[in-house]
Every structure is written in C-alpha cells, then in structure tokens.
Amino acid sequence: MASPTQVEVKHQVPLSAPVPSHLPLRPRTAAMEAVEDLVYGSVAGIVGKYIEYPFDTVKVRLQSQPDNLPPRYKGPLDCFRKSIRADGVLGLYRGISAPLFGAALETSSLFFFERVGRETIYRAGLCPRGDPLPLPALWFTGAFSGVFTSFILTPIELVKCKIQVPETEGGVVKAPLKPIPVIRDIFRHHGIMGFWHGQLGTLIREAGGCAAWFGSKETTTKILRDFNERSATSHAELEHIRAEPLPLWQQALAGASAGMSYNFLFFPADTVKSRMQTTPIGESASKRTFAQETAALWNQAGLRGFYRGCGITVLRSAPSSAFIFMVYDGLKTYLPMQ
C-alpha cells in the first residue's frame, strides 16, 4: 500500500504541464488597421453603390443638360420615366462596372486617408495619442481624406459620366459607350492629363463634402450616445451603454445624416464638374475651365441651375451612406483582423 507521501507525489501536476488559459490577442498594428480600411471600405462602397447608382445616373443626366437647348427633363421623376422608357430599368445601371470599382477604391481611400489624418494630428502633438479626437479635429480629418481621394476619384468619375449620359448625333441617341473605348478615346484626344478634367470640382466637393461626411457622422453619433447615456438609470447600465455600439437604427441615422450633409453642402461644385465631364470626347467645350463652366451655367440658369438633381441626390445618399457606415463599422467590430 502506498504511503500518503507517495500518493501526493503521484497526483502532483508536473511544473512543465500546460495550464489552460485565455491567451491575449496579438496587439493590432497600423498595417492591420490599414488593411481593414482598404478591405472593409471596399465592401461597404460596393454595397452603397448598388443602392445609389440609378439615382446617380438620373442626377448626372439632370446636371449635364446642354445650356444652348431647352431642358430635356422637367425633373427627377420625368428623367426616371424617360430613361426607363428608352433603356429599361437596366439602363439606369449603365456603366456600373467602372463605378463599382470606383466605389470600392473611393470608400476604402476615404477611410484609409481619414486614418492617416488622425495619425497626422497625433504626430503633430495636437492631441495626446490614445485620447479620442475632438469633433473639430474629426471634421479636419474628413477634409484631409477628401483632398487625397479626389485625385484618385476624378478619372473614375470622368469615365462614369461619359457612359451615364448618352451621346446624340443628329437628334438620334448613339449606342451606349463602354469603359475601355472611353478610356482609349480620352487618352488619344487629351493625353494622360485628360483623365483629370474636372479635378478642381472634385477637389472642392470631396474636401468640403468629406469634412461634412465624417464630421456629421461623428457629431450625430456623439449626440445620440450622450442621449443614451443620460437615459441610464444605474452605473451598471451606463457602463453597458458605453461599452456597446449604438443601436442599429441610431447607426443608420448617423450614417444618413453624413450622406445628406456631404451631398447638399457642396452640390454646386459637383454640378459644374459633371457638366465638364459629360462633354463629348474631343470637343472644344471639354477645354472649358471650372470658372468658365461656372459662368456658362450661371448665365444659362442662374443659381437654380447649380442645384439640378440636388433633391434626388440628397434622397438617395441617406440610405446609401447609412449602409456604408453600418457595413464598415460592423465588419470592423465583429470581424477584426488579427
């Protein structure tokens, strides 16, 4: 029979035996966060583009009506009706392949450069690293992101606009353009710099619009979070509210406010840009500067002309932007890259 000492030794756990534990996750690196911005931003951008594209087609057609002829469309509904009658519903998705690529590139670039803007503020010592940025700084990071993204976006939007607005010849609508022939013709007639025709309009729209996009989203989020925290009836409930993301409907509301702010505040710059980018390839009108195109539109239609298609653009931006932020934030929350 074994002695008590022997029994103890027999059942003792060796020092080298593995002990189950919850291992800490690897610390997130800047490279991982950059990859998240690019991948999750691309997915969010594609989702948003499928929602908004028919409305964007109508918006561009309203904006680009020639200044030497009576308006082709009386308004958004008339444009929808005539476009569907001429090309069917799928005609409203004409040229979506390039915009899908553009949406993925645009949205991922926006989130990526916005993170670069935040890093710039931290490195400049304007805010202690680790502290949440104040709202004015978040409006700045949005503008920072928009400036850099505009240079990526202008060539993509140029091709998109050429495809969305059908050309006419002798009063007859020509066959729809395709992305590759459009790219080839732009390069042949205008060279590599021709792809940045309308850059100033894109720059103004993106710098100001993205400041409003990110800034409005963060401002609305803060207002809603403060409201939720004030409704807490105990310290435990307060801590739970702070630890959890906003309810889905509040996330949608914050995203929708962002999209509406982006599109409304700098819509005139987008109108001028669209007019510049929808002139037929090779025509002298395509050499108009931003200032010349602005003056021509003012002489033709006055202030009202700068807001053609604004209502439908703001309307479609609400669900589109809401989905973009919900998809992006949801992927980052529930599928973080490690």
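Analyst: Arg205 is buried, with a relative accessible area of 7%, where buried means under 20%, exposed over 50% and partly exposed in between, using a 1.4 Å probe and protein chains only. This is a predicted model, in which local features need pLDDT of at least 70 and side-chain atom pairs pLDDT 80 or more, while totals for chains, interfaces and linings use all residues. Residues are numbered from 1 along each chain as its sequence is written, and side-chain values use heavy atoms, leaving out hydrogens and water.

User: Which side chains make a polar contact with the side chain of Arg205?
Analyst: Its partners are the side chains of Glu206, at 2.9 Å, and Asp270, at 2.6 Å; a polar contact is a pair of N or O atoms within 3.5 Å, and within protein one must be able to donate a hydrogen and the other to accept it, with residues adjacent in sequence counting only if both atoms are side-chain atoms.

User: And what else is Arg205 in contact with, leaving aside neighbours within four places in sequence?
Analyst: With those neighbours left aside, the residues in contact (heavy atoms within 4.5 Å) with Arg205 include Leu153, Glu157, Tyr262 and Phe266.

User: Switching to the whole chain, how much of it is buried?
Analyst: Buried residues account for 46% of the 338 residues. Of the contacts between residues at least 6 apart in sequence, 78% join residues at least 24 apart.

User: How many helices and strands does the chain have?
Analyst: There are 12 helices and 2 strands, taken as DSSP runs numbered from the N terminus (helices H or I, at least four residues; strands E, at least two). Arg205 lies in helix α7, residues 199-230.
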